[in-house]
Amino acid sequence: MFGYYLDLALRSLRRNKMLTALMVLAIALGIGACMTTFTVLHVLSGDPLPDKSARLFYPQVDPLDMDGYEAGKEPERQVTWIDGMNLLKAKRGERQALMTGGAVPVQPTQSSMDPFFSDARYTTADFFPMFETPFLYGHGWSEAEDDGKARVAVISRSLNDKLFDGKDSTNQILRMKDTAFRVIGVLDNWRPNPHFYDLNMGQYSVAEDVFLPLATSRDLNLARNGSRNCWGKGGGNDDEHLEVATCVWLQFWVQLQSADKAADYRTFLDNYSKEQKALGRFERPSNVRLSNLMEWLDVNKVVPSDVRLQSWLALGFLMVCLVNTVGLMLAKFLRRSGELGVRRALGASRREVFMQLLVEAGVIGLAGGVGGVLLAYLGLWLVRLQPADYASLAHLDLPMLLITFVLAITASLLSGLLPAWRACQITPALQLKSQ
Amino acid sequence: MSVSPILSALRRHKAGVVLIGLQIALTLAIVCNAIFIIGERIERMNRPTGIVERDLFLIQQAWVNAPSEEIEGSSQKLGAMQQEDLLALRQLADVESVAPTTSMPLLDSSWNEGIRLDPEQQQQTARVSFYLGDEQLLPTLGLRLVAGRTFTSADILHQGLRDIRQPPVVIVTKAIADLLFPHGDAVGKVVYLAGTHKPITIIGVVERLQVPGLNRWTASFAYNSVVLPIQREGFFAFYAVRAKPGRLQAAMQAAPAALYKVNPLRVFADIKTPAQSFAAIRARAYRDDIGMAILMGAVCLILLGVTAAGIVGLTSFWVGQRQHQIGIRRALGARRIDILRYFQTENLLIASGGAMVGLVLAFILNLWLIRHYEMSRMPLIYVLTGVVAVLVLGQLAVFVPARRASMVPPVVATRSV
């Protein structure tokens, strides 16, 4: 029976090509717009470390003075050097790392290359195992090298390709800011999305090219990038006394094995704040937060509001397209009252007529889905041409592709329901009489 | 023409009428809000920076062989390196003036602090962004002084990155002057930086200078800029350069070459474009807004197109369905124009109904956007324009099928389908 309905549907669709094209195009446009924006949203709200994000936490403490104090307000989103170091040395988590962003002038040994700036991350030893960075060659550094302010560096695969032609460069010398560093590791392609560990440095930017021990960067007074917020008398626009300044400028991450451990850690943070207040360093009452990775992305509203707005817009657009299709299908099915009357008179039940019309709606949906996928590819290609830093990530993956088809067919079946139901209410006798 | 026969005819097509009305309503609600968003973005992009943007460019660079600031006397060395650069740039034929600076409007890299009128007060009086530069900064950016005097070379403090002395004098924007001293007598008055007790005297007021920041927070003090007479001497330096009129491209070519000649051991922030024209800085600052405006515009156009096509399709069907009736009307003496008017009036009725619903939906959507996306209230004019637009669109769309209806010959009445 399905084959027969399909044949009837194709005949009917062929009879009025313009109208069929209009319905297919409307569904295709709606689906295409939705899938383009949903794919961007899906990519942007993804989990950068799916296996581990629930165990990674970002603590916040409130080190500010009483100037502008409001009870319960969210504390600073970064930590001072003193607090960062205290939390790092306390080693209350399974792993922990303190970090900040920066930029280093790289001096290639090849005479053909001018010196250039590379984005850098100054961090501590646990960064690599905690974030499970893949290593192509070598390894990260250890705590001893952190303490010894060692001149060692881990570089990205792309920088290794550029400077060392992709060969194993461990133990090679890399000159940066007139200082010789020993390469101890080369990362394989690594681009966590979003750039969760430091959202100040572009929320969807690529991972840095150079990783150096934090203590080394302070020792050499390397330029740092990112957000810094200072207050009180210790504030200033001075890069060199940051260790003692009342400024927050570092990110601190901790790995905790379980919810119990997280609760313990929160207690520890609370006690730490109280202790610091007793010592006179903190002025405000204890106000601590501990968010896991996904919560932290939420707190920072990482997904750009423009992207969310675009998704809503596309959904509204799809709705208009569907209403349009319902209207056209209704007109079309009712126009065929005569034909349907004949079928009913020849013994087709209401159910069968209904099924026949739904098959027709489904065919339109399928065609619209195919068109929608093509339009989504086009839309995503256009998105990738945009200069935004997330643009290059916008690709349609298999689950999204399947969702597209399901959405298209469901949408057109839904929009076929009302017209088909109306059409099968026709009284056959009346139709035959008027013929 | 009487409306009642049209209404009674429409009653026989309830579902179709409701659907087309709903489509018009949704289209109106979405298009109004989308155009309002476009309008807001354009307004944001049209905010004046206060500087003369033509012929201006920026160079951001650092020295690779800069002496470490730990070493005694490094500050003098760094100052000399910067002075050498400035001299080389000022000697270029296509360059009008050059100034070291720490930022630019729309660059989105800013140093923000609170200033106070009384050093003891707990809350700041105004939040401000700082620009640091020498006596050439005002003419290079093309700022207009409206009161007081500009900096002279005697005012300029030379500071390394490590010493933080406050200058005794500053120049502020009119926005700050009006905020702190509403009587218009800001020049000669004293302000304090957050957490300090050292008085700083306002010596001049410039008409307008936008802060470098671009986000929502900095937009709350968009024109609160303070220019400090400080020449920062560190391992990096940014230069604002004004080219001679019409010589921007030539100057942008010559400047990096001249700097390389002074000292090749340097890195530019972006090696591909060592000199960034202000037009490029502006384009990058607003690229997301431009993208959003284009997308919204495209969606509006397609939406209107789909709705128009829907009206054409549905009306065509009704025309086909009513051939017989049209023929009867024609045979009973209705003119072609009457048939045309009939369908036009019918569409006007449906579209007006849809527009009424759409008007309400548009405001509901706007309220929702205000709540979730920090948008502002949409002025009525947007909705009214939208209503007129959908009515006109409906009339345009209905014209083709309505004309076809008017062409139905009276003889159809005598045929039995």
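In chain A, 4 residues of domain 1 are in contact with 4 residues of domain 2. Contact here requires that the C-beta atoms of two residues, placed from the backbone, lie within 7 Å. The domain 1 side of this contact has 3 nonpolar residues, no polar ones and 1 charged residue. Nonpolar covers Ala, Val, Leu, Ile, Met, Phe, Trp, Tyr, Cys and Pro; charged covers Asp, Glu, Lys and Arg; the others, Gly among them, count as polar. Domain 1 of chain A comprises residues 2–45 + 304–434, and domain 2 comprises residues 53–299. These bounds come from an automatic or database domain assignment. The centres of the two domains of chain A, taken over C-alpha atoms, are 50 Å apart.

The structure is a predicted model, in which local features need pLDDT of at least 70, side-chain atom pairs count only at pLDDT 80 or more, and totals for chains, interfaces and linings use all residues. Residues are numbered from 1 along each chain as its sequence is written, while chains are lettered from A and ligands numbered from 1 in the order in which they are written.

Confidence was examined for chain A. Its mean pLDDT (the predictor's confidence in each residue, from 0 to 100) is 87. A value of 70 or more is reached by 97% of the residues of chain A. Among the elements of this chain, helix α14 (residues 428–434) has the lowest mean, 70. Strand β8 (residues 210–213) of chain A has the highest, 96. Helices (H or I, at least four residues) and strands (E, at least two) are DSSP runs, numbered from the N terminus.

Chain B is also divided into two domains. Domain 1 spans 4–45 + 288–414, and domain 2 spans 65–264. Their centres, over C-alpha atoms, are separated by 56 Å. The unreviewed UniProt entry places "domain: ABC3 transporter permease C-terminal" at residues 300–406 of chain B. That stretch of chain B is 90% helix and 0% strand, with its end C-alpha atoms 32 Å apart. The UniProt annotation "transmembrane region", also from an unreviewed entry, covers residues 15–38, 292–319, 348–368 and 380–400 of chain B. UniProt positions follow the numbering used here, feature names are shortened, and annotations may be inferred rather than shown by experiment. Residues 15–38 of chain B are 100% helix, and their end C-alpha atoms lie 34 Å apart. Residues 380–400 of chain B are 100% helix, with a corresponding distance of 32 Å.

Between the chains, 46 residues of chain B are in contact with 47 residues of chain A. Helices α2 (14–45) and α9 (287–321) of chain B are the elements that give two or more residues to the chain B side. The largest share, 17 residues, comes from α9(B). By class, this side has 28 nonpolar, 14 polar and 4 charged residues.

Within chain A, helices α10 (residues 305–335) and α13 (residues 398–423) pack at about 35 degrees, with axes 8 Å apart. Axes are lines fitted to C-alpha atoms, for helices over the stretch in contact, and angles run from 0 to 180 degrees between N-to-C directions. Residues of α10(A) in this contact include A:L322, A:M329 and A:F333. Those of α13(A) include A:A411, A:L418 and A:P419. The contact residues divide into 11 nonpolar, 4 polar and 1 charged.

Two backbone features occur in loops of chain A. The peptide bond from A:N193 to A:P194 is cis, with omega near -10 degrees. A:P194 is in the loop between β7 (179–187) and β8. A:N171, a residue other than glycine, has a positive phi near 75 degrees. A:N171 lies between α6 (157–164) and β6 (173–176).
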